[in-house]
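Keep the sequence and the model open side by side, try each task, and then compare your steps with the solution.

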Amino acid sequence: IQAGRPDEPIPEAPPEAASPSSAAAADTGETLNILAVDDDALVLMNTVAMLEDLGHDVTPAYSAREALAAMQRQDFDLVVTDHAMPNMTGTQLASEIHGQQPGMPVVLATGYAELPQEAGGLNLPRLSKPFSLAELRAALNRAVAWRSGAA
């Protein structure tokens, strides 16, 4: 609960939103099946919890290899991935994903201000670490809009 004047809006939960799930539905219009990828277990758990708070179904993966294997077993609507991971970066993972599923939106979460252009020219929605729930929601909205435009 945020303290402040009664007339100040709470940025992460509009007054008309009854729950985080209804706020997610108002933004994206759907519950997404999301693959979250990060090699740091604590960061991954936090990202999964935030995505679930927004009303989405989430599958965690602790590496790019694990993420690619999960994509062979299950269909996802969107991928949120860390950039700095061993063996395969998030942009390399995004490039691999887009080679297999060209319309799959990928959100790149990174603590780096600038990244090399190694994702095959892909214009990935970026999410700067650390990120808030509102920033995560906005990145998901950009990714869903990108998916709608790419379809």
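This is a predicted model: local features need pLDDT of at least 70, side-chain atom pairs count only at pLDDT 80 or more; totals for chains, interfaces and linings use all residues.

**Exercise 1. What percentage of the 151 residues of the protein chain count as buried?**

Step 1. Begin with the cut-offs: a residue is buried under 20% relative accessible area, exposed over 50%, and partly exposed in between (1.4 Å probe, protein chains only).

Step 2. By that rule, 41% of the 151 residues are buried.

Residues are numbered from 1 along each chain as its sequence is written, and side-chain values use heavy atoms, with hydrogens and water left out.

**Exercise 2. Find where pLDDT stays under 50.**

Step 1. pLDDT is the predictor's confidence in each residue, from 0 to 100. The protein chain has a mean pLDDT of 80, and 71% of its residues reach 70 or more.

Step 2. One stretch under 50 is residues 1-6, where the model has 2 contacts beyond four places in sequence. A contact means heavy atoms within 4.5 Å.

Step 3. Residues 8-26 also stay under 50, and here the model has 21 contacts beyond four places in sequence.

**Exercise 3. Write down the order of the elements, then follow the chain from strand 1 to strand 2.**

Step 1. Helices (H or I, at least four residues) and strands (E, at least two) are DSSP runs, numbered from the N terminus. There are 5 helices and 5 strands, and their order is α-β-α-β-α-β-α-β-β-α.

Step 2. Strand 1 (residues 33-37) pairs with strand 2 (residues 57-61) in the parallel sense, over 5 bridges. Two strands pair if DSSP finds at least two bridges between them.

Step 3. Right-handed means that, with the strands pointing away from the viewer, the path from the first strand over the helix to the second runs clockwise.

**Exercise 4. Which residues of helix 3 are buried, and which are exposed on the other side?**

Step 1. In helix 3 (residues 64-73), the buried residues are A64, A67, L68, A70 and M71. They lie on the same side of helix 3, because they cover an arc of only 160 degrees around the axis. The arc is that of the directions from the helix axis to the C-beta atoms.

Step 2. R65, Q72 and R73 are exposed on the other side of helix 3.

Step 3. The cover over the buried residues of helix 3 includes strand 1, strand 2, strand 3 (78-82) and helix 4 (90-100).

Step 4. Zoom in on M71, which has a relative accessible area of 6%. Beyond its neighbours within four places in sequence, M71 is in contact with L35, F76, V79, I97, Q101 and M104. M71 and Q101 are 30 residues apart along the chain, with their C-alpha atoms separated by 9.8 Å.

**Exercise 5. Which residues does V80 touch, not counting those up to four places away in sequence?**

Step 1. V80 lies in strand 3 and counts as buried at 3% relative accessibility.

Step 2. The residues V80 touches are I34, L35, A36, V37, T47, V107 and L140.

Step 3. Turn to T47 in helix 2, which is buried with a relative accessible area of 8%. Leaving aside neighbours within four places in sequence, T47 contacts A36, V80 and F131.

**Exercise 6. Locate N87 and P130, and describe the backbone there.**

Step 1. Most residues other than glycine have a negative phi, and most peptide bonds are trans.

Step 2. N87 has a positive phi of about 75 degrees although it is not a glycine. N87 sits in the loop between strand 3 and helix 4 and is exposed, with a relative accessible area of 85%.

Step 3. The peptide bond from K129 to P130 is cis, with omega near -10 degrees. P130 is in the loop between strand 5 (126-128) and helix 5 (133-150).
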